[in-house]
Amino acid sequence: MTELTPVLSATWGLERSWNFDTYCANGGYEGAAKAMKMAPGDIIQAVKDSGLRGRGGAGFPTGMKWGFLPADDGGPRYLVVNADESEPGTCKDIPTMMNAPHTLIEGVVITSFAIGCHHAFIYVRGEVVHVLRRVMKAVEEAYDNGWLGKNIQGTGFDLEVTVHSGAGAYICGEETALLDSLEGLRGQPRLKPPFPAVAGLYARPTVVNNVESIASVPPIIAKGVEWFTSMGTEKSKGMGFFSLSGHVKRPGQYEAPLGITLRELLEMAGGMREGHELKFWTPGGSSTPIFTKDHLDVPLDYESVGAAGSMLGTRALQIFDETTCIVRAVERWTEFYKHESCGKCTPCREGTYWLELILRRLEAGQGTRADIQQLLDTCDSILGRAFCALGDGAVSPVASSVKLFREEYERHVDEAGCPFDHAKSALFAYSTSADSLTGARSLTSAEEAHA
Amino acid sequence: MTTTADKTPVTTDLVTVTIDGLETQVEKGTLIIRAAEQVGIEIPRFCDHPALKPVGACRQCLVDVASPGPDGNLRAFPKPQTSCTTPVSEGMVVHTQLTSEEADRAQKGVMELLLINHPLDCPVCDKGGECPLQNQSMSHGRGESRFVDTKRVFEKPLALSSEILLDRERCVMCQRCTRFSKEIAGDAFIDLQNRGAMQQIGTFNEDVLGFSGYGPVGAAAEDEAGNAFSSYYSGNTVQICPVGALTSAAYRFRSRPFDLVSSPGISEHDSSGSAIRTDHRRGKILRRLADNDAVVNEYWITDKDRFAFAWQNQPDRLTRPLVRKDGELVEVSWPEALEAAAAGLKAAAGTSGTAADKKAKGVGVLPGGRVTMEDAYAYQKFARVVLGTHDVDARTRVASDEEQAFLGANVAGTGIGVTFAQLEKAPAVLLVGFEPEDEGGVVFLRLRKSQGKQRVFTVAPYLTSGAHKLDATLVPAVPGREATILDSLTATTDAFKALKGPGSVIVVGERVAGVEGGFTAVAGLARRSKAAVAWIPRRAGERGALEAGALPGLLPGGRDAASAAARKEIGAVWGIEVPHGKGRDADGIIAAAAVNSIDALVIGGVDASDLDADLLAAIKTAKFTVSLEVRRTSVTDAADVVLPVAPPSEKSGTFVNWEGRLRSFSTAIPTDAMSDHRVLDLLAREMGVDLRTGTVESVNAELASLPAAAAGQRPAAPTVAAARTTVKAKATGVDALVLSTWHQLVDEGSLQDGEPHLAGTGRVAVARVSPSTARRLALTGVVSITGNRRASMDLPVVVTEGMADGVVWVPMKSPNSWVAEQLGANAGDTVMVKGASA
């Protein structure tokens with residue numbers, strides 16, 4: 001039985017855990033103090049040795065990413081923290097920044113020191129103003145206590161941190177769109193190459209990392225590489241957040257070694273809600289192909305989840321029981337992707353628009369069997385054809401759900417309606433009559449314009 | 001042949017690639033889509049455009065790619081790649097839709113998605129019949145759509161400007177138009193708005209964006225037309241739009257492409273000699289497009305080149321000759337008109353063979369700056385051979401003897417000098433009396449192409465928005481004092497240091513003729529800095545007239561009319577003795593006619609309202625005037641004989657562009673209208689002289705028979721000291737400001753008549769003054785400007801940061817700002833400027 005390993009979340013339960021003092025009283029900034037006595041190259045090597053992989057979803061080795069920066073040419077280079085957490089189901093960076101913002105700032109200090117950056121940016125999702133406030137306050141505290149600014153802790157190292165608020169676009173979580181947005185441009189992904197490591201923010205070498213990745217650096221430095229590699233599996237080292245949501249008794253963030261299974265996590269979370277059983281779940285947020293109860297024992301590490309046909313992603317486990325209509329759930333997700341498609345490329349812009357229309361009709365009982373095939377064909381026209389990964393992510397729930405639950409789609413066609421009582425899947429008082437989205441009516445153009 | 005073949009680039013680094021089994025060598029870095037074109041394989045595309053940076057937005061050009069890995073073995077990319085963004089590499093193997101099922105499937109899938117929200121309104125769409133989407137959906141798409149749901153719709157059309165209309169539902173979001181605006185023209189007036197399926201092109205329109213309280217800022221706010229899409233180049237977006245989303249108000253719903261006859265031509269609107277395509281139907285021009293000419297205008301033309309063609313077919317078009325009888329102009333036959341013209345000119349020239357010949361005071365000839373080289377040649381030959389005078393001057397604008405000497409010494413007969421390509425490559429460019437965006441047309445686009453690689457300095461009273469788009473550095477100068485400024489550019493100045501870079505260019509505009517010592521100073525600076533000089537006049541016929549010798553002191557080929565050897569050489573070709581004596585320039589001719597020192601005038605395409613001298617009064621005083629015109633004008637109304645001539649689309653000939661490049665064009669629409677040179681040939685015959693200018697060929701044969709002018713035959717470079725006083729002082733007093741003025745590209749020039757949609761994109765006339773001048777004279781709101789005569793002009797004042805003090809700038813011929821006619825003044829003169837309340 002795998003045990004929980006609270007590291008980043010170790011202090012969350014403390015009184016005013018977000019305070020600088022609370023953080024320091026519990027070993028905060030020890031990693032940074034240690035790091036600043038090390039050679040920058042040694043820090044990068046330590047992170048490489050730790051096997052830390054990007055916690056933002058793609059799982060790219062963090063140390064290797066840092067290593068891609070070209071040799072110092074005397075000009076500026078930047079660290080940009082991607083705190084634009086927007087994926088449905090994903091809720092790890094926001095709690096981290098709410099409860100222990102200094103873990104992130106300490107990580108920023110160490111990383112900047114390691115890569116020779118003197119101005120770091122934290123790009124926070126625009127909708128979470130409370131988080132923005134807390135991070136800004138923490139940055140202020142760090143400045144006041146000499147962990148940011150000129151001559152940090154007397155080492156001669158200078159670092160400025162700018163906290164930037166996004167304006168409400170999912171696409172800005174894509175690293176190059178984030179950089180454009182940060183530069184004040186329209187947030188749409190950039191053509192690569194050049195990659196950000198070569199020409200990123202303001203066309204300078206830039207490292208873009210997820211909050212959790214950066215926050216994982218201080219404990220690696222403070223407690224050592226061996227401590228970190230003792231957790232996890234062979235190729236997926238260390239611990240990470242597993243965010244359980246949906247039809248579980250105790251949803252929340254479970255910090256555990258990679259390789260834990262959903263069966264174990266469900267046990268920790270008190271199991272499914274009373275009297276219900278697992279129907280399907282997402283291993284890594286809504287843009288990863290869904291799993292069913294057949295996958296309860298898949299170790300949640302990059303390789304095993306990949307081998308089972310999905311992706312570890314952001315470890316956002318959305319749990320659905322047997323009362324949930326798969327068509328309806330997928331329709332909701334697709335609505336999100338349609339709404340958030342940036343519009344740059346044809347497959348994602350038009351494809352998500354089409355998928356959503358078909359799913360809406362199917363759920364309303366106005367679909368045909370040909371529509372189900374059309375869903376797959378349209379997914380095929382998006383997958384691998386879109387400009388960025390958002391397009392691929394958008395088809396994951398559609399394609400995987402048709403594959404796993406085709407008969408449920410067919411029931412919607414054959415019974416000319418949704419066979420589920422939606423009130424039963426709700427966790428709150430719910431009336432279907434108010435549920436305009438399942439109605440057959442099309443949106444008016446005015447609604448469409450604001451959709 | 002109007003387009004010039006692109007020279008094969010010198011290739012040093014070649015890579016071998018295989019595309020659909022065809023092995024080829026292409027330059028390293030070539031995009032797959034270009035490499036495929038080179039072997040004759042067309043990959044469908046929408047967002048790709050050779051002049052724009054790759055964007056990879058439409059995803060239509062997906063192909064299968066494999067390239068050798070580090071071990072040398074071929075490794076296929078896991079998914080199809082966009083061929084418009086992927087450069088070739090050594091050993092790369094590409095399979096397009098022709099040989100790869102996967103690529104074909106990917107392309108068909110993208111095409112289907114592009115069409116789901118695209119309306120099937122091809123039968124009423126302007127683009128239908130020449131539409132890349134229509135064509136490529138036929139060649140690469142599915143026969144039938146599987147989309148059964150509701151298509152996205154928008155209100156339509158959205159007017160981006162009075163000329164450019166947008167049908168958003170047709171748009172495929174290729175971003176060619178926005179990329180053109182940003183990368184090529186530098187106008188930030190249209191951009192993407194909203195996102196996802198609701199993403200759309202637009203101006204900053206609060207109705208579309210669904211929120212209020214914000215306005216456009218920065219470059220987008222610099223919009224003096226009051227229109228959101230204010231650009232001199234906006235028409236190019238219509239041409240490169242791969243669907244019918246962008247249309248022009250002038251052409252919308254007028255025609256089907258397959259009903260049009262396309263004729264190549266050269267634009268008559270500026271001295272760039274841009275290649276155009278004239279599309280016409282049953283003798284009527286429906287539209288004009290940019291022709292692709294890599295060495296001159298590349299893919300682009302100005303909106304004036306594109307949209308200003310209606311002028312030649314207005315109701316006032318002249319089709320029959322007119323002769324004044326009992327005070328009224330009446331239509332007569334050609335023989336009668338020629339007879340009347342010949343009689344009047346013979347009397348004035350003193351060749352009538354009567355006793356009155358002794359008292360004849362001669363004829364002045366004003367060809368105007370808009371005719372072809374052949375026409376200009378005929379005008380000057382007519383003056384010198386038939387009328388026996390050097391009183392001929394095509395420069396119906398500010399001009400000077402200094403300018404003539406400069407042009408004779410440095411420009412005329414020198415062939416191709418500085419080229420567009422050299423201008424683009426120049427490390428530094430100094431602009432003197434020249435606003436590229438207003439006066440240079442596509443010259444501006446060439447300069448902008450080098451933005452970031454080239455330093456631009458402009459000697460001007462203020463930094464215009466056009467100069468701003470070029471990142472130009474202002475060298476502030478009060479009009480008339482430019483020569484002193486140029487003389488002060490020495491080794492310590494930034495501009496001079498930059499100009500020392502090999503390949504640098506000084507661009508001098510025609511307005512420098514109004515600056516005493518201006519051309520001398522330009523030549524001096526060029527000597528000191530070793531920079532090349534390019535003279536870029538405004539009108540299309542200026543350089544041709546110079547080559548043809550249609551200036552009083554210059555014979556064809558840059559020969560000095562004062563040189564006996566030159567006169568002898570030309571006289572031998574013409575079979576006459578070229579007259580001695582000094583000719584008058586245009587101002588001199590008009591002044592002479594006004595006091596009866598000249599008896600008659602022969603006037604070509606001259607608009608009286610372009611001249612600060614009073615041409616109409618001179619015509620009234622002169623005994624006899626022959627006008628050769630396309631349309632009725634104030635000049636034809638005052639003339640004694642009016643001979644109709646052909647507009648550019650109905651004739652052939654040659655414009656010589658500012659580079660010195662011959663830009664020949666043939667007749668687009670054959671009519672029985674005759675070109676000026678042919679009319680003059682007939683008139684000369686009537687007067688007993690064979691001018692040998694009956695055809696373009698005969699003129700060109702004669703020009704070709706002239707050898708290059710020997711050094712001794714050319715005029716000496718001018719040596720005129722810089723003006724010591726600021727002004728050609730006329731008005732003085734506390735309210736007196738030095739006038740600065742030039743033509744806006746889109747204004748009320750007569751060649752833009754009849755095109756209200758284009759006129760709507762022109763900039764609103766304003767009077768610009770510096771902040772301290774505005775404070776000193778308490779200029780706010782609307783100011784009143786008075787010059788040497790006639791009316792005053794009332795214009796809103798705009799306080800312009802960084803502008804030279806003591807100067808007021810107004811556009812030369814924009815609505816409510818006809819400087820020549822209303823003020824009778826020119827740049828460098830003083831005018832009185834008063835606040836409206838004063």
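Modeller: Two residues are in contact if their C-beta atoms, placed from the backbone, lie within 7 Å. The model discussed here is predicted.

Biologist: How many residues of chain A are in contact with chain B by that rule?

Modeller: 29 residues of chain A are in contact with 30 residues of chain B. On the chain A side, α15 (326-340), α16 (346-363), α17 (369-382) and α20 (445-450) each supply at least two of the touching residues. The largest share, eight residues, comes from α16(A). Sorted by class, this side has 10 nonpolar, 11 polar and eight charged residues.

Biologist: What is known of the confidence in chain A?

Modeller: Its mean pLDDT is 94, and 95% of its residues reach 70 or more. Over residues 434-451 of chain A, however, pLDDT stays under 50, and the model has 16 contacts beyond four places in sequence for that stretch.

Biologist: Why is A:Tyr29 called buried?

Modeller: A:Tyr29 has 25 other C-beta atoms within 10 Å. The cut-off for a buried residue is 20 or more, so A:Tyr29 is buried. A:Tyr29 is found in the loop between α1 (20-25) and α2 (30-35) of chain A.

Biologist: What makes the backbone of A:Tyr29 worth a remark?

Modeller: Most residues other than glycine have a negative phi. A:Tyr29 is not a glycine, yet its phi is positive, about 65 degrees. B:Asp20 likewise is not a glycine and has a positive phi, of about 50 degrees. B:Asp20 lies in the loop between β1 (14-19) and β2 (22-27) of chain B. With 18 other C-beta atoms within 10 Å, B:Asp20 is partly exposed.

Biologist: Which kind of peptide bond joins A:Lys192 and A:Pro193?

Modeller: Most peptide bonds are trans. The bond that joins A:Lys192 and A:Pro193 is cis, with omega about -5 degrees. A cis bond also joins A:Pro193 and A:Pro194, where omega is about 5 degrees. A:Pro193 lies in the loop between α8 (175-182) and α9 (196-199) of chain A, and the place of A:Pro194 is in the loop between α8 and α9 of chain A.

Biologist: Why are α6(A) and α7(A) called oblique to each other?

Modeller: Two packed helices are described by the angle between their axes and the distance between the axes. The axes of α6 (residues 101-115) and α7 (residues 129-144) of chain A come within 9 Å and cross at roughly 55 degrees. Angles under 35 degrees count as roughly parallel and 65 to 115 as roughly perpendicular; α6(A) and α7(A) are therefore oblique. Their crossing is right-handed. In this contact A:Pro101, A:His102 and A:Ile105 of α6(A) meet A:Arg134, A:Val135, A:Ala138, A:Val139 and A:Ala142 of α7(A). By class, there are six nonpolar, one polar and one charged residues.

Biologist: What angle separates α2(B) and α3(B), and what is that arrangement called?

Modeller: Helix α2 (residues 101-116) and helix α3 (residues 132-140) of chain B pack at an angle of about 135 degrees, with their axes 10 Å apart. Perpendicular ends at 115 and roughly antiparallel applies over 145, so α2(B) is oblique to α3(B). The crossing of α2(B) and α3(B) is left-handed. Among the residues that make the contact are B:Met111 of α2(B) and B:Leu133 of α3(B). The contact divides into four nonpolar, four polar and one charged residues.

Biologist: How do you know that α4(B) is mostly covered?

Modeller: Eight of the 10 residues of α4 (residues 176-185) of chain B are buried, including B:Phe180 and B:Ile184. The buried residues of α4(B) pack against β9 (191-193), β10 (200-202), α6 (235-240), β11 (246-248) and α13 (442-449) of chain B. After α4(B) comes B:Gly186, whose phi is positive, near 80 degrees.

Methods:
Residues are numbered from 1 along each chain as its sequence is written. Chains are lettered from A and ligands numbered from 1 in the order in which they are written. This is a predicted model: local features need pLDDT of at least 70, side-chain atom pairs count only at pLDDT 80 or more; totals for chains, interfaces and linings use all residues. Axes are lines fitted to C-alpha atoms, for helices over the stretch in contact, and angles run from 0 to 180 degrees between N-to-C directions. Helices (H or I, at least four residues) and strands (E, at least two) are DSSP runs, numbered from the N terminus. A crossing is left-handed if the near helix is turned anticlockwise from the far one by less than a right angle, and right-handed if clockwise. Ala, Val, Leu, Ile, Met, Phe, Trp, Tyr, Cys and Pro count as nonpolar, Asp, Glu, Lys and Arg as charged, and the others, Gly among them, as polar. pLDDT is the predictor's confidence in each residue, from 0 to 100. A residue is buried if 20 or more other C-beta atoms lie within 10 Å of its own, exposed if 12 or fewer, and partly exposed in between; C-beta atoms are placed from the backbone.
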